[in-house]
Structures are given as C-alpha cells and as structure tokens.
Amino acid sequence: MKIANKTITATRLVKDALAKAKEFADYNIFTFLNEEAALKKAAEIDAKIARGEDAGRLAGVPYALKDNFLTPEGETTASAHILQGLTAPITATAVKKLEAEGAIMIGRTNLDAFAHGSSTENSYFGPTLNSHDKERVAGGSSGGSAVAVALDIVEFATGTDTGGSIRQPASFNGVYGLKPTYGTISRYGVVAMASSLDCIGFFTKTPDDMNLLMEIASGQDPKDLTTLPDYYNESVIKPAKKIGAISDFDNDVVDAGIREALAKKIELLKSKGYEIVDLEMPTLKYALAAYYIIQPAEVASNLSRYDGVRYGFRSEKSDMLGDLYNNTRNEGFMAENKRRIMIGNFVLSSGFYDAYFLKAAKTRTLIVEEYAKAFSQCDFIITPVSPNPAFKLGEKVNDPVAMYLEDLMSVPLNLAGVPGLTVPAGTTEAGLPLGLQLVGPRRSDKSLIEFAKELI
C-alpha cells in the first residue's frame, strides 16, 4: 500500500531487506542472496508505478524463498551437497504466481537437506539458529524461512510441509505458518520429498497476509495433476461454533508450558462463546509410525534420480559407472537422507511390503476417517504443534527417534490431507516462542485463517 501511494519505493524496501539479511548473517538464514536481480526487479516496479500502471497486489514486497523451489536465480540446492551446481531451467508455479503480483525474492533460505529433518541441522550449509535464542534450533525443515520472517527481514517466506516442516518452525519462532489442504498450491518446480504428503505454504506475521498469499498462489495447475480446482477463492467463510480438543495425546509427552498455553487459548475461546468439544482420536497415536514408513518409501523413490550423471554434484573418485553412482550418492547425501533411503527401500522390498507399507497405508485410511468423524462433531480442532518448544542445538541430532518424536502432532494432518495453521501462543518463562495448531476439514483453509484472528 505504501508503495502504491508512493510514500516508499520498492527499491528502498529491497535494499532494507538485503541489509537486514546481512545484519543477521550469523543466524545462517540464507544460502544465496539475490541482490542484483532483486534490485533490478524493484526498479522495474518503481517505474511501473511512476507510469500509473498496476504493479500487482504484492508490488515491491521482498520475500524469502525456501531453497527447494526451482528458479533460475542462484543454485537450487535444497541445502544438499548432491544438488550443488544446479541452476534450474524452470520456475516453480508458486513462484511465478507470487512474482506476477510484484513480489521480489531477495534470497534462498536454508533447510534440512531435501527437507529431511525437524531442526535445520541436517543442512549441508550448517544449522540455522533460532530467532530468539542462538543456542537453539530454528525448527525444520523450513527453518531459514521461519527465521527470516521472525527477524523481520521479509514480510513473508515460502515453505514446504511434509510432516510439519512449516508449522513446527513457525511455532519455534513465533510466526504464522500454514500447511494448506493437500493439492491447494501447485508443487510443480519444487524438489520432491514425499509426493503424497508434500504441501506448499507460507510464513507470515498476520492471518490477513496469509489469506492474501493463498488467494494468489492457490489454484489448479496443468503441470501438477494433484492440484485441486481453485476452491480457495470461491470459498465462503463459515463462522465456527464448536472447537475440538483432542484428549488422546499423552500429557506426559507434552511440555508443561505448551499445555498451559493450550489451556489459556481454550479458556479464551470459551469466553468468546465457543463450545469446546472433547475429542477421542485413538488412531492418531499410530500416525507417527505410519508416517515414517510411507514417507521414507516415497523419499527412496524420489531420491533415486540423483546419480551424478545429469546435473548437480558428481564424485571425482569414479572410473566405472557403478562406482560413479555409489560414490556420488555416498558423498552427496547427508546421513539423514541415507537413513530415509534405506528405510524406504526396506519397507518396499519383497517380503516386507505387506508387513510394513501396506499396513501403514491402511492406517492412513483410518486416520482420514477419524478426522472426518471428528469434524462431524466440531468445526475446527486446536492442538499443540510439537511436544516441545525449540530445543538446544545438537540435543537430538544423534538420536533419530527423539528427533522424529518432534513430529508426533504434526504428521497426522499430512496423512489426512487436511489444513493446519500455526498461531503464536505466547512464550515460555525463558522467552522462547510457543505455538498452537488449528486444524480444519479439507478445503476449509480460508475459514481456518479467518478463525485464527479469534486467538489474537
């Protein structure tokens, strides 16, 4: 609005954002700063506005791009060694839509390599630091994007969410983070992790900003056959009356501060006239086990294409083709990437498919049905995002099971394909941000974002 009213220029905004990015360089947020192209685009937008032309709903707004979105600017590495050197020949559909409305990408943000992780410690470029405490993790996998918004470097940032990779870092850094209904935003041009679970979403400072981004980015894409028709812009906001609270999560697992924050928000909703419905969802306790069978299986399939032959990193230790594949993948993948490839190939292997993958798929169906049953009793659900606030750097990096347990409350949504929105919910006594998660039925995204304002 200030740009349209000519009280500030796009060039000024971009220069300020780039200066902040450099000021906070020690947080290790960005893998690439897009200075030259960003300033060029800002100048073009300023010229458009000077001529009285429409420069778009995001004219001159700087944003940060998670480094698994393909664009020609800089290398798209997904923070993985094996993709170093890749300059993308295409632009992701979501990026095209944002930039068609005048948004300006100032840099690519750090993530767990190939988005495999819950802390951004699995990045080839090293961990991103928490916006409130440099000794703690940013969350993951979209840690860089969350911190870029939390430190006010940019107004918004893109993310991907396969099992909580937007919602959990949003919670750890005190910003809003949305995982939309599966298929709402095109995944074309985004490095695949687990294709039946991956969702494109955003980090913002307000629900209204989130709504605007969703209006712009949602819609069907002929290049991604999993995308839905543009229900978002046709949605009528439905006021909520009943809010569900799940009784099945073990209170001993959830940090006391998060339980207190949840209780306070529930009391706030009661004071505003909402009816709180106690929900029993016993199948959710199996969601984490099902997720860490389905997701690695899809990871193993998606990562099989990286072999050092066509693009990215190639090992120099190889004389024979077989050695080229083996050495490139061994040197190029992080330990967590290898772990998921091995698990995935195991659960898909002959003799184990029925015992593991098929059972996980059946469990997924039960989880879908359980959410449908829950939403027949209430309009939305409120839960924790993660069992804990941001934990210390290095605390869980050598304990995969403890790290996976951080996804306990976020992965069910991806298995069911329903939307989830992280909302800030105060801080701990030590000043660490706390977030809660609002969950809605499929295609209720617009109403869910509007309802989030009730918790402010």
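Trainee: What should I know before starting?
Mentor: This is a predicted model, in which local features need pLDDT of at least 70 and side-chain atom pairs count only at pLDDT 80 or more, while totals for chains, interfaces and linings use all residues. Residues are numbered from 1 along each chain as its sequence is written, and side-chain values use heavy atoms, with hydrogens and water left out.

Trainee: Where is Lys22?
Mentor: Lys22 sits in helix 1, residues 10-23. Helices (H or I, at least four residues) and strands (E, at least two) are DSSP runs, numbered from the N terminus.

Trainee: Which residues does Lys22 contact, leaving aside its neighbours within four places in sequence?
Mentor: Lys22 is in contact with Leu33 and Glu35, where contact means heavy atoms within 4.5 Å. The side chains of Lys22 and Glu35 also make a polar contact at 2.9 Å. A polar contact is a pair of N or O atoms within 3.5 Å; within protein, one must be able to donate a hydrogen and the other to accept it, and residues adjacent in sequence count only if both atoms are side-chain atoms.

Trainee: How far is the C-alpha atom of Lys22 from that of Ile153?
Mentor: The two C-alpha atoms are separated by 9.6 Å, and the residues are 131 residues apart along the chain.

Trainee: Which residues have a positive phi without being glycine?
Mentor: Thr120 has phi near 60°, and Arg443 has phi of about 70°. Thr120 lies in the loop between strand 3 and helix 4, whereas Arg443 is in the loop between strand 11 (433-439) and helix 14 (445-451).

Trainee: Is Thr120 buried or exposed?
Mentor: Thr120 is buried, with a relative accessible area of 0%. Arg443 counts as partly exposed, at 39% relative accessibility.

Trainee: What about the peptide bond from Gly140 to Ser141?
Mentor: That bond is cis, with omega near 10°. Ser141 is found in the loop between strand 3 (104-109) and helix 4 (143-150).

How values were computed
Buried means under 20% relative accessible area, exposed over 50%, partly exposed in between (1.4 Å probe, protein chains only).
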